[in-house]
Amino acid sequence: MNGVPTGAGRLVLAATPMGDIGDASQRLRDALGAAEVVAAEDTRRTRALAKAMGVEIGGRVVSFYDHVETARIPMLLEEIESGHTVLLVTDAGMPSVSDPGYRMVAACVEKGLPITCLPGPSAVTTALALSGLPVERFCFDGFPPRKGGQRKEWLRTLASEPRACVFFEAPHRLADCLADAVEILGPNRRAAVCRELTKTYEEVVRGTLGELAAWAVEGVRGEITVVLEGAQPVSADPADLVSQVETLTASGLRLKDACAEVSAATGASRRELYDAVLAARTAE
């Protein structure tokens with residue numbers, strides 16, 4: 001366990017508004033005016049944010065986005081070690097949550113430098129609250145894989161996940177993602193698509209995956225956060241799951257693959273499922 005170096009400054013992570021400037025905290029306003037260094041995902045957006053809040057940034061503003069994050073860290077560590085405050089902000093929401101910040105925090109932890117956080121807006125918790133789904137327990141999965149095959153594999157990991165799952169998605173990939181979710185998770189699992197949270201055209205569309213997939217076909221704009229209902233406990237008795245397998249085979253899936261998907265979702269033995277389906281077909 002590292003001790004804090006004498007005379008060290010600190011790293012301050014600060015949440016910024018997702019859209020409504022009124023969500024900016026007084027602590028964020030004070031920090032923007034007082035920090036010796038402001039590390040910003042987009043310097044222009046941060047300066048515009050400060051201007052909209054009526055705050056004059058007191059220190060030096062440096063860029064801190066994905067492609068320069070690693071290169072900037074040594075310089076920012078030197079600033080903190082010399083006694084300065086480095087304020088880290090992203091374009092919207094909380095730094096390090098699918099945004100730059102994690103590597104900087106880890107570097108400060110490694111050196112035993114002080115770190116604090118100014119809490120505030122978060123698309124994750126806002127979407128959970130608006131979803132209308134049971135969210136006492138949830139997981140956050142960032143962005144799904146872009147390629148269809150990898151995205152389906154990711155969705156299979158959620159087939160039996162009992163917790164609600166929150167994830168982000170690009171608007172131009174949402175329809176494909178929801179269509180894949182219907183294929184892998186079934187059309188009846190509930191979800192909520194939250195669009196443009198806290199902004200002028202905020203919209204939350206709730207329904208089953210089948211309903212949401214049909215809605216998204218026409219195209220969706222804006223920043224998207226999806227909340228997926230946790231999986232419901234189901235019977236693992238293969239005989240009770242034959243109809244699920246047959247539904248998948250009717251959609252064109254091979255029996256072997258259909259058994260694999262239902263097995264992943266329920267925990268039932270793939271071999272026993274296969275045998276149960278053959279037995280049911282023979283009995284007809």
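View 1. Helices α7 (174-185), α9 (242-250) and α10 (255-266) each give at least two residues to the lining of the largest pocket. Here helices are DSSP runs of H or I with at least four residues, strands are runs of E with at least two, and numbering starts at the N terminus. Please keep in mind that this is a predicted model: local features need pLDDT of at least 70, side-chain atom pairs count only at pLDDT 80 or more, and totals for chains, interfaces and linings use all residues. Residues are numbered from 1 along each chain as its sequence is written, and side-chain values use heavy atoms, with hydrogens and water left out.

The pocket holds about 750 Å³ of space. A pocket is an open set of points on a 1 Å grid over the protein atoms alone, where a 1.4 Å probe fits, with protein on both sides within 12 Å along at least five of seven lines; lining residues have an atom within 4 Å of a point. Points are joined across faces, edges and corners, and the volume is the space filled by probe spheres set on them. Of the 27 lining residues, Ile 184, Leu 185, Gly 186, Gln 244 and Ala 265 lie nearest the centre. The lining has 13 nonpolar, ten polar and four charged residues, where Ala, Val, Leu, Ile, Met, Phe, Trp, Tyr, Cys and Pro count as nonpolar, Asp, Glu, Lys and Arg as charged, and the others, Gly among them, as polar.

**View 2. The second largest pocket holds about 600 Å³ of space.** Its lining also has 27 residues, and those closest to its centre are Ala 92, Asp 99, Phe 143, Phe 168 and Glu 223. Two or more lining residues come from each of α5 (123-131), β7 (164-169) and β10 (224-228). By class, this lining divides into 13 nonpolar, four polar and ten charged residues.

**View 3. An open sheet of five strands has parallel pairing, in the order β3-β2-β4-β1-β5.** Two strands pair if DSSP finds at least two bridges between them. At the edges, β3 (60-63) and β5 (115-118) each pair on one side only. From one strand to the next, the twist averages 25 degrees. Strand β2 (residues 37-40) runs parallel to β3, joined by four bridges; Val 38 has Val 61 of β3 as its bridge partner.

Two helices can be followed across this sheet. Helix α1 (residues 26-34) lies across β1 (10-14), β2, β4 (85-89) and β5, at about 130 degrees to β5. Helix α3 (residues 69-81) lies across β1, β2, β3 and β4, at about 155 degrees to β3. Axes are lines fitted to C-alpha atoms, for helices over the stretch in contact, and angles run from 0 to 180 degrees between N-to-C directions. Contact means heavy atoms within 4.5 Å.

**View 4. A second open sheet has five strands in the order β6-β7-β10-β8-β9, with mixed pairing.** Strands β6 (138-140) and β9 (203-208) stand at the edges with a single partner strand each, so one side of each has no neighbour in the sheet. The twist averages 20 degrees from one strand to the next. Five bridges join the antiparallel strands β7 and β10, and Val 166 stands opposite Val 227 in β10. Helix α5 packs on the sheet, touching β6, β7, β8 (190-195), β9 and β10, with its direction at about 50 degrees to that of β10.

**View 5. Helices α9 and α11 (residues 270-283) cross at roughly 85 degrees, their axes coming within 10 Å.** That makes α9 roughly perpendicular to α11, a label for angles of 65 to 115 degrees. Val 242, Val 245, Glu 246 and Thr 249 of α9 meet Leu 273, Ala 276, Val 277, Ala 280 and Arg 281 of α11. These contact residues divide into six nonpolar, one polar and two charged.

Key
Parallel < 35°, antiparallel > 145°, perpendicular 65-115°, else oblique.
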